[in-house]
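I am opening my notebook on a new structure today.

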Amino acid sequence: PKGKVERLLRGGADCSTLHAKSVLIVGVGAVGSHIAQLLVRSAIGRLRLVDYDSLWPANLIRHAAHPGTEAGEMKVHAMAESLASYDWTAVDPDTAILQEPSSLRQRIEGVNLAVDATGDLAFAELMSRVAAESSTPFVTAALYRGGSLARVRRQADSDRPITTRRGHAHYPEIEPAPDEIETLGE
């Protein structure tokens, strides 16, 4: 069976609950594009994708967009097109540059979950504060060192905001492997 109802049945018992939810993802690159794809496959009802960057040959291989996606296409538009066959989800692409708390607040307003996948610590801190102010659950996810390290942090309504946690901005030092020294520098 290939119909919408049959495909949603494969999504699991949470489909009806998730279909009533909306998620904001800021940063639709190597991490955010895969998060978007998994959420849509899980039957999320609305997905707001925010990223001002384009796809380039160097990052296309890590992106969840269709393999035939052209370099130079905006990341959010490539993902919206790739997710179009999941017709149960409304995908809203947005190419804004979010530098001001007020513009971030506008986009967080009304979502059930805000996700930062930019890999930018300062932006994650800003988004954590704005999400806490609006009592919106928040997750930040990033890959480092060519994908060999990952960091995921969550901030639910009952949690202390990430920005007030001890040592939130520090990572433990990890010595580079011999084959990484040239890439990372000394």
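How many nonpolar, polar and charged residues does the lining of the largest pocket have? I counted 15 nonpolar, nine polar and six charged residues. For these classes, Ala, Val, Leu, Ile, Met, Phe, Trp, Tyr, Cys and Pro count as nonpolar, Asp, Glu, Lys and Arg as charged, and the others, Gly among them, as polar.

A note on the source: this is a predicted model, where local features need pLDDT of at least 70, side-chain atom pairs count only at pLDDT 80 or more, and totals for chains, interfaces and linings use all residues. Residues are numbered from 1 along each chain as its sequence is written, and side-chain values use heavy atoms, with hydrogens and water left out.

**Pocket.** I stayed with the largest pocket, which holds about 610 Å³ of space. A pocket here is an open set of points on a 1 Å grid over the protein atoms alone, where a 1.4 Å probe fits, with protein on both sides within 12 Å along at least five of seven lines; lining residues have an atom within 4 Å of a point. The volume is the space filled by probe spheres set on the points, which are joined across faces, edges and corners. Gly27, Asp51, Ala117, Thr118 and Gly119 are the closest to the centre among the 30 lining residues. Strand E5 (residues 138–144) gives the largest share of the lining, four residues.

**Fold.** I found eight helices and six strands in the protein chain. Both are DSSP runs numbered from the N terminus: helices are H or I, at least four residues, and strands are E, at least two.

**Cores.** Next I looked up the largest nonpolar core, which has 21 residues; Ile25, Leu47, Leu49 and Met79 have the most contacts inside it. Helix H5 (75–83) is one of the elements that supply at least two residues of this core, and H5 gives the most, with four. Such a core is a set of buried Ala, Val, Leu, Ile, Met, Phe, Trp, Tyr and Cys residues joined through side-chain atoms within 4.5 Å. Buried means under 20% relative accessible area, exposed over 50%, and partly exposed in between (1.4 Å probe, protein chains only).

**Two loops.** Ala43 sits in the loop between H3 and E2. Its phi is positive, about 85°, although Ala43 is not a glycine. Ala43 counts as buried because its relative accessibility is 1%. Ser135, in the loop between helix H7 (121–133) and E5, also has a positive phi, near 55°. At 42% relative accessibility, Ser135 counts as partly exposed.
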